[in-house]
Amino acid sequence: MSGRNWQRPPSWFTDEMDSDVVLDMGWGRLVFGQTFADQRAVVAALRAEETGERDIAMYVRDPQVLVGLAPHELFLDPSITYRLPLDRYRAPRDRNPDVFVRMVRDRAELDEVNRIYAACGMVVSDPDVMWANHRTRTFTYLVAEDTRTRRIVGTVTGVDHVLAFGDPDQGTSLWCLAADPQAAPRGVGEALVRVLAERYVARGRAILDLSVMHDNAGAIALYHRLGFRPAAPVVVKRKNPINQRLFSPAPEGLAALNPYARIIADEALRRGVRVEVTDAPSGELRLTHAGRSLLTRESLSELTSAVAMSRCDDKRVTRRLLAARGVRVPQAVELAPDPLQDADGLAACEELIARTGPVVVKPARGEQGKGITVGVAGPEALRRAVAEASAHCPDVLVEEFVAGQDLRIVVIDHEVVAAAVRRPAAVIGTGTDTVRALVRKQSRRREAATRGESSIPLDATTEDVVAAAGFSLDDVLPRGQRLEVRRTANLHTGGTIDDVTDELHPALVEAAVAASRAIGIPVTGLDLLVPDVAGPEHVVIEANERPGLANHAPRPTAERFLDLLFPETRAAAGDR
């Protein structure tokens, strides 16, 4: 039936199949339209969709008739079905040495699968449903490991139509292909598709189908390379909030927004809040609901006062306000304008170095890690670092260097919503590539994953960090060796982020909330240095008035931001 989905089949054909087949995938249900004799039963099946999930009807006979039965509820998905005839599949001559694809081994690995879904902006799945499915042969859950780190970096799901409903066409389908945008080596997607195809070849199946959005050029190029070609089946979905962007005209300029503004626009549209893109390059939006309108610039809104914003802008003011509230901050020296001429201030900095060890030199104002030097230990190094910082801002702050993990805590409406450890940009050796080549490859992946928001500079800082580890940029890094190539964990310079919200010690939560109240700011990202996120020790080093909410998926950062702006839309948000 997979090849004749648009025709009414003869009774001898449908008699071989189960009837009215619907499979629960955890993120929604697959409705196999060719198993339904009555189109109205397909409509009824789609109406049973759970809130926060995305059901998919595929292989529907006469899909235009189906949509016509409920035009206000259903729509034709703007996707293309691609098909691989499995008798034509040819295995590659060489396997990717950096990727090992295998079955999911235990339920805990499904949390990693959901982590990757969230990082790719996909609907996360119920792990109990996935685990129950996995214990049958109808479903195939594969994960890809990076052989250098043994970390799970990709996933794909397969469905065997023969086992699901006795498909006489010997069909199978591929769903939820995803690769970790932060950590996946090149070729993860291809390796996952190939292993899934080979498993179905071994079962004697005839075809492998998939559905891909029409504008996903990268995925379509991969499928073409592997031998997939466009096929007739179309997808029908319900007009629910998750799917709204697929059936409703998007606001002008929406596609040009960066990920930090787009996550807010998407959540607003999902709730029925009107979105006007007032300046796409800066991420500025006008959000309107029930006659009330607010301007936002990413996570900065009109609810943040100019005073609160100025308190975050000047790191000296931030630390003074926090210290006055009893929040722990590093010891520091504030240098006067024209800091290289501030003899007393420089002397105080040298005393701080003598007392605490190496220091961090940073501009009092600035963001994205610009002008910051870490680990300054001597008079000459101090003067160079001060000169670098003052090139970005005439006011310079010198702080004790506190070792520990770089922790970002997002606080919205004085409640902790998300927390993550940020790690400096790093590369993993292949045994054949130079450090320079690895940095370039990793930077391209980060740029693609963040739409240009994150990349690793090949500059003097990178060269110095690599040299300090005993390598040059032109050395071949041994296979499996991890090498940090930046000193700071700034996401704009290629840093990565790991969610630790559930691991936070109560003292860290208390400090973050106290800091947000001290500054008087409704939305902030607090930067802390901690020996262990599960312990109470910490210092708070900065407060950001415009934290990147998109960095913390699947934590409900955008949801809580819209709750703050338009609390009356909480009910419209529903469960996710």
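Is Y141 buried or exposed? Y141 is buried, with a relative accessible area of 2% (buried means under 20% relative accessible area, exposed over 50% and partly exposed in between, with a 1.4 Å probe and protein chains only). The model is predicted, so local features need pLDDT of at least 70 and side-chain atom pairs count only at pLDDT 80 or more, while totals for chains, interfaces and linings use all residues. Residues are numbered from 1 along each chain as its sequence is written, and side-chain values use heavy atoms, with hydrogens and water left out.

Six aromatic pairs are found in a search of the whole structure (rings of Phe, Tyr and Trp, the last by its six-membered ring, pair if their centres lie within 6.5 Å; planes under 30 degrees apart count as stacked, over 60 as edge-to-face and the rest as tilted). One of them is the stacked pair of F32 and Y59, at 6.4 Å centre to centre and 10 degrees between the planes. F32 lies in strand β2 (residues 29–32) and Y59 in the loop between β3 (56–58) and α3 (63–69), so the pair ties together parts that are 27 residues apart in sequence (helices, H or I of at least four residues, and strands, E of at least two, are DSSP runs numbered from the N terminus). F32 is buried at 2% relative accessible area, and Y59 is buried at 0%. The rings of F139 and Y141 are also stacked, with 6.4 Å between centres and 20 degrees between planes; F139 is buried, its relative accessible area being 7%. One aromatic cluster is formed by F32, Y59 and F165.
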